[in-house]
Amino acid sequence: CFEKPAPVADCYLEGSEVLTAEGLASSMAAAACSVQPWEAGNFALVRKLQDACGNFGHVDAMSSSSHGGRSVAVKKMPTKWVTTSAQEFEEK
């Protein structure tokens, strides 16, 4: 469906902050540390947003009952695409 993106190069963000490959890797590792178990009862499907054909999944709009109905986007995909780190995923 889509080609694999090119490797991350340094780029500028708003406020002239530079995003480096190392900074991105650090941010992804920090985000991964905050992942919590999925509790299906805390989310209600609103609608399907789009297919994620690159990894045989899709993205849904859902509302979180545990966060006052806050809207969230949830990507669902087969577990064969899940790894323990971005580095492990790149090595697949």
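Biologist: Before I go on, what am I looking at here?
Modeller: This is a predicted model, in which local features need pLDDT of at least 70 and side-chain atom pairs count only at pLDDT 80 or more, while totals for chains, interfaces and linings use all residues. Residues are numbered from 1 along each chain as its sequence is written, and side-chain values use heavy atoms, with hydrogens and water left out.

Biologist: Thanks! Which salt bridge does lysine 76 make?
Modeller: Its side chain meets that of aspartate 60 in a salt bridge, 3.6 Å from N to O. That pair links distant parts of the chain, with aspartate 60 in strand E4 and lysine 76 in strand E5 (residues 70-76), 16 residues apart. By salt bridge I mean a side-chain nitrogen of Lys or Arg within 4 Å of a carboxyl oxygen of Asp or Glu.

Biologist: And aspartate 60, is that one buried or exposed?
Modeller: Aspartate 60 counts as buried because its relative accessibility is 4%.

Biologist: What else does aspartate 60 touch?
Modeller: Leaving aside neighbours within four places in sequence, its contacts include Leu45, Arg47, Leu49, Val72 and Val74; contact means heavy atoms within 4.5 Å. The aspartate 60 side chain also makes a polar contact with the side chain of histidine 58, at 3.3 Å. A polar contact is a pair of N or O atoms within 3.5 Å; within protein, one must be able to donate a hydrogen and the other to accept it, and residues adjacent in sequence count only if both atoms are side-chain atoms.

Biologist: How many salt bridges are there in the whole structure?
Modeller: The search finds two. Besides the one with lysine 76, aspartate 51 forms a salt bridge with lysine 48, where the closest N and O atoms are 2.5 Å apart. Aspartate 51 is partly exposed at 47%, and lysine 48 is partly exposed at 44%.

Biologist: Switching topic, what order do the strands of the sheet take?
Modeller: Three strands form an open sheet in the order E3-E4-E5, with antiparallel pairing. Strands E3 (43-52) and E5 are the edges, each pairing on one side only. Two strands pair if DSSP finds at least two bridges between them.

Biologist: How many bridges join E3 and E4?
Modeller: Eight, in the antiparallel sense. Within E4, histidine 58 is the bridge partner of aspartate 51.

Biologist: What about serine 64, buried or exposed?
Modeller: Serine 64 is in strand E4, and this residue is buried, with a relative accessible area of 1%. Beyond the neighbours within four places in sequence, serine 64 is in contact with Asn42, Phe43, Gly69 and Arg70.

Biologist: Last one: how many helices and strands are there in the protein chain?
Modeller: Two helices and five strands, running β-β-α-β-β-β-α from the N terminus on. Helices (H or I, at least four residues) and strands (E, at least two) are DSSP runs, numbered from the N terminus. Of the 92 residues of the chain, 10% count as buried.

Key: Buried means under 20% relative accessible area, exposed over 50%, partly exposed in between (1.4 Å probe, protein chains only).
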